[in-house]
Amino acid sequence: MIRRRALAAAFLSAPALAQGCAGTLYLTIDTGWSREAELIADVLRRRGVIATLFVANERTHRGDRQLEEAWAPFWRARAAEGHVFASHTWRHWYFRGDPSPGRVQYASRQGEGAEVLDGAALCSELRRPVDALRELVPGARILPLWRAPGGIVTPGALRLAATCGLRHQGWSRNGFLGDELDSAAHPNDALLRRALANIRSGEVLVMHWGVRSRREPFGLVFDRLLEGLLGRGFCFAPLPEEGIA
């Protein structure tokens, strides 16, 4: 009898929104040029969509970096809206290989440098952005997840990150929204049609706060994307702490 009452109480207390969902989507946003950051944030707020934000100390269109004090109001507002955070590395370099056991090659795409990281150095690289975020937003909810730039990992990088309690989170095939692709070959309308046609429940979606190289900013159709997905009955949720396989 006690078990039946507990189950009934749990059912009655479940969120009405969750009961009415046609499926759940997990929107993730990586740092980037951030030219459309305020536009995208406004759409999220108006649509009531909560996302998981992967942060790195990348350079922005303003000439500063995204985890500097000037960006504190932006991140505080996102935390207050209920968004959650995870690491996208500090320098946003790329993992290039495993030269020896317990070592991983880490290099800049722009030729800024290259290093071989051991476990302690890799953990420091992954923890530093979320530590910086905590300084800016003490109340931020931070997940034990990380994402490599470009989603490119090596077996060694995954093993070393696991020793510091972090699990890598990629995205699903249909969840790649294409906002970093060349807009001449992949215009916004084509990306929007593809996303609305192919996205299914359980997808992990990925986009950025703006991409420097894209001439037609994807942020201009972001509202239409959410309108279409919400219209299909999807609900959005932050990633769980264990991530999505």
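I began with the overall dimensions: a compact globule of 245 residues would have a radius of gyration near 18 Å, and the protein has 19 Å, which agrees. I took the radius over C-alpha atoms, with the globule rule being 2.2 Å times the number of residues to the power 0.38.

I noted that this is a predicted model, in which local features need pLDDT of at least 70 and side-chain atom pairs count only at pLDDT 80 or more, while totals for chains, interfaces and linings use all residues. Residues are numbered from 1 along each chain as its sequence is written, and side-chain values use heavy atoms, with hydrogens and water left out.

**Entry: fold and surface**

I found eight helices and ten strands in the protein; these are DSSP runs numbered from the N terminus, helices being H or I of at least four residues and strands E of at least two. Along the principal axes, the C-alpha atoms fill a box of roughly 60 × 50 × 35 Å.

I recorded 47% of the 245 residues as buried. Buried means under 20% relative accessible area, exposed over 50%, and partly exposed in between (1.4 Å probe, protein chains only).

I then looked up contacts (heavy atoms within 4.5 Å). Among those between residues at least 6 apart in sequence, 73% join residues at least 24 apart.

**Entry: disulfides**

I looked for disulfides, that is, pairs of cysteine sulfur atoms within 2.5 Å, and the structure holds two. With the bonded cysteines numbered in sequence order, the pairing is 1-4, 2-3.

I examined Cys21 and Cys235, whose sulfur atoms are 1.7 Å apart. Cys21 lies in the loop between helix H2 (16-19) and strand S1 (23-30), and Cys235 in strand S10 (residues 234-236), so this pair ties together parts that are 214 residues apart in sequence. The torsion about the S-S bond of Cys21 and Cys235 is about -100 degrees, so I noted the disulfide as left-handed. Cys21 counts as partly exposed at 21% relative accessibility, whereas Cys235, at 10%, counts as buried.

I turned next to Cys123 and Cys164, which form a disulfide with sulfur atoms 2.4 Å apart. This pair links distant parts of the chain, 41 residues apart: Cys123 is in helix H5 (residues 119-136), and Cys164 is in the loop between helix H6 (155-163) and strand S8 (167-168). The S-S torsion of Cys123 and Cys164 is about -100 degrees, so this disulfide is left-handed. I recorded Cys123 as buried at 7% relative accessibility and Cys164 as buried at 11%.
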